Amino acid sequence: MMEGKKTPRQFVYPQPNERQIRNAIIDLLNWQGYMAWTNNTGAFKASYTDKKGDTRERNVRFSKPGMSDIFAVQPKTGRFVAIEVKTPKAYRGKDNGCTPWQLSYIESVNIKGGIAFVACSTKQVAEVLSIPYQENSIL
C-alpha cells in the first residue's frame, strides 16, 4: 500500500452576511461623525383587542418597499445618505442584486440631491463618501 502525501488544507474565509456588512458600515459612518441608522422594511400581522373586547387583526407595515438599508446624515454638509447593502455574491448579480423598487429609490434620492448607492463592503462606502480607509479592514 502506497502512502500519498497529504496536501495542506486551505483555509477559506467565510463570506460575511448582509447583517455583518451593514453593522460594519454603520460603525464606519459613526466613527467618521455621520449620524447613521438602519432602516428596517417589512410588514407583519398584529392582533389586538379593541375597546369592546373583540380580538382583531391588522397588517402593520414599516417603511416603504425599496427603501435603503442604511440612512445617514453627512457631517458638516447635512446631506442625506442612503446605502443599499448587499453581500458580495448578490452584488455581482444583475443590477447589483437590487430589486426595481430599490433601484428606483436610489435614483430618486440622487435626483433630489442626496447620496444613494449600493455597497457590499466598508471599502466601497469609504470610496464613495471620500472617507479615509485602512486597507487591512476585514469588511
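Predicted model: local features only at pLDDT ≥ 70, side-chain atom pairs only at ≥ 80, totals over all residues.

Author: Residues are numbered from 1 along each chain as its sequence is written, and side-chain values use heavy atoms, with hydrogens and water left out.

Reader: Which strands stand at the edges of the open sheet?
Author: The open sheet consists of four strands in the order 1-4-5-6, with mixed pairing. Strands here are DSSP runs of E with at least two residues, helices are runs of H or I with at least four, and both are numbered from the N terminus; two strands pair if DSSP finds at least two bridges between them. One side of each edge strand has no neighbour in the sheet, because each has a single partner strand; these are strand 1 (35-38) and strand 6.

Reader: At about what angle to strand 1 does helix 1 run where it packs on the sheet?
Author: Helix 1 touches strand 1, strand 4 and strand 5, contact meaning heavy atoms within 4.5 Å. Axes are lines fitted to C-alpha atoms, for helices over the stretch in contact, and angles run from 0 to 180 degrees between N-to-C directions. The direction of helix 1 makes with that of strand 1 an angle of about 165°.

Reader: How many residues of strand 3 are buried?
Author: Strand 3 pairs with strand 2 (residues 42-49) in the antiparallel sense over eight bridges. Buried means under 20% relative accessible area, exposed over 50%, and partly exposed in between (1.4 Å probe, protein chains only). Strand 3 is hardly covered, and among its eight residues the buried count is zero.

Reader: Which elements do the buried residues of helix 4 pack against?
Author: In helix 4 (residues 122-129), the buried residues are Thr122, Gln124, Val125, Ala126 and Leu129. They pack against helix 1 (18-31), strand 5 (80-85), helix 2 (88-91) and strand 6 (115-119).

Reader: With which side chain does the side chain of Ser63 make a polar contact?
Author: Ser63 lies in the loop between strand 3 (55-62) and strand 4 (70-73), and counts as partly exposed because its relative accessibility is 23%. Leaving aside neighbours within four places in sequence, Ser63 is in contact with Asn39, Asn40 and Thr41. A polar contact is a pair of N or O atoms within 3.5 Å; within protein, one must be able to donate a hydrogen and the other to accept it, and residues adjacent in sequence count only if both atoms are side-chain atoms. At 3.2 Å, the partner of the Ser63 side chain is that of Asn39.
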